[in-house]
Amino acid sequence: MDDGATSFVLVASDLCLVSPAEYDRVAKLLAAETGVTANQFWWTFSHTHSAPEVGPPGLAASFLGDRYTHEVDPSYTEMVAKSLIAAVKEARAKLAPARMRIGWGHANANINRRARDVEGETFLGFNPDGPVDRRIGLIALDDASGKPIGLIANYAMHGTVLGQPNLLISGDAQGIVSAYVEDKIGAPMIYVNGAAGNLAPIYTTQPTPAAGRLKQFRALLGDKIIEAYRAMPAAAVEVQLATGAAVVETARKDGMKDSAELADYVKPAQIRLPVRFLKLAKDTAIWAAPLELFCEIAIDVRERSPFSNTMYFGYTNGWLGYLLTAAELPLGGYEPRVSPYTARAEEDLKRTVLGF
């Protein structure tokens, strides 16, 4: 997107994770070849668990070292970087007049995964009584005649319909939903994950697409995106692009291993968490972070935001772990074990985002 004064590039990949250090490397390559700066370039990942992680493991190796005994595939990593740069060049070469519309929808395709029992710590499962964010944020781009150019759909849900027994590459629910919507509206759709840190798909970790009812997500989420898209306001917003960035400095949890790769982010006593901002119009803004954020935090920011349309783009520009609410940390379970943050992080993040 380009409003004549500010350019912005959004890249979405069907990948599981990328280290912030790999994002930095690709951002430098992109800047050298196109002039697009890091503030203008967001790289977001659908977080399907049935696709590769690209580049060195980054923070994940600090807590999940047993999962990262394999070597990084440099040829695949370079292929991804070259493909990304080529796609950005192609998109910039095809810039054409467009108009933008903003809208919202709702889908019940996700569920809180912090399961409770009468004894023991919280575990990965289903918690129908837990917090959940079921709003769909939509950004539609049309040409001057109203024909769709593309659609951005923002919905919070882990890419875990398929579980560990599945060894086939897949975009998971995000991929099948995107393909379905594209076919129905006749234009590309970018799926941007939201604050999915504690949200699972309603069918999860199944051995095969059939067992996980993967195709059903066309109805559970795809049809809901199409319904909301068709109900969007016809009037275009007055686009006013503006980008921004901030760094949240928050305490680092004890027990983490140091990483030379993440020296810019993980310090001896703190983590430096990069946050990006994009203003689209006078009443519409997006914030993004390299996090698996718990949905309560994104909901609170949205409700307290001065912008009537506020969206959160998760898994963006790398991955720096789970950031939980202070209330959930003491309840144990998978996410608190692998999170690098203390109970201060929730307030540190919200204070920075809402004060920007």
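**Entry 1: a loop residue.** I started at L262, which is found in the loop between β11 and β12. I take helices (H or I, at least four residues) and strands (E, at least two) as DSSP runs, numbered from the N terminus. The model is a predicted one, in which local features need pLDDT of at least 70 and side-chain atom pairs count only at pLDDT 80 or more, while totals for chains, interfaces and linings use all residues. Residues are numbered from 1 along each chain as its sequence is written, and side-chain values use heavy atoms, with hydrogens and water left out.

Is L262 buried or exposed? L262 has a relative accessible area of 0%, so it is buried. I use buried for under 20% relative accessible area, exposed for over 50%, and partly exposed for what lies in between (1.4 Å probe, protein chains only).

I then listed what L262 touches, leaving out residues up to four places away in sequence: S19, P20, A21, G58 and L59. Contact here means heavy atoms within 4.5 Å. I also checked L262 against A236: they are 26 residues apart in sequence, and their C-alpha atoms are 42 Å apart in space.

**Entry 2: the sheet with β11 and β12.** I traced an open sheet of four strands in the order β11-β12-β13-β15, with mixed pairing. Two strands pair if DSSP finds at least two bridges between them. Each of β11 (242–251) and β15 (309–313) has a single partner strand and stands at an edge, so one side of each is left without a neighbour in the sheet. On average, neighbouring strands of this sheet are turned by 20° against each other, direction ignored. Axes are lines fitted to C-alpha atoms, for helices over the stretch in contact, and angles run from 0 to 180 degrees between N-to-C directions.

**Entry 3: strand β13.** I followed β13 (residues 284–288) on both of its sides. With β12 (residues 270–281) it runs antiparallel, joined by five bridges, and the two form a hairpin with two residues between them. With β15, β13 runs parallel, again through five bridges.

Five of the five residues of β13 are buried, so the strand is largely enclosed by the rest of the structure.

**Entry 4: nonpolar cores.** I looked up the nonpolar cores, meaning sets of buried Ala, Val, Leu, Ile, Met, Phe, Trp, Tyr and Cys residues joined through side-chain atoms within 4.5 Å. The largest has 63 residues, and those touching the most other members are F41, W43, W287, L291, L293, L323 and L349. Another core, of 27 residues, lies apart from it; A107, L138, A153 and M157 are among its members. For L291, contacts beyond four places in sequence include L273, Y312, L323 and L349.

**Entry 5: helix α8.** In α8 (residues 345–355) I found A345, E346, D348, L349, K350 and V353 buried. Their cover includes β11, β12, β13, β14 (292–293), α6 (295–304) and β16 (322–323).

**Entry 6: a further sheet.** I traced another open sheet of four strands, β3-β7-β8-β9, with mixed pairing. Its edges are β3 (99–106) and β9 (189–193), each with a single partner strand, so one side of each is left without a neighbour in the sheet. Strand β8 (residues 148–155) pairs with β9 in the parallel sense over five bridges, and Y155 stands opposite N193 in β9. Helix α4 (residues 172–185) packs on this sheet and touches β8 and β9, its direction making about 150° with that of β9.

**Entry 7: the whole protein.** I ended with the totals. The protein has eight helices and 16 strands. Buried residues make up 55% of its 356 residues. Among contacts between residues at least 6 apart in sequence, 77% join residues at least 24 apart. Its C-alpha atoms fill a box of roughly 60 × 45 × 45 Å along the principal axes.
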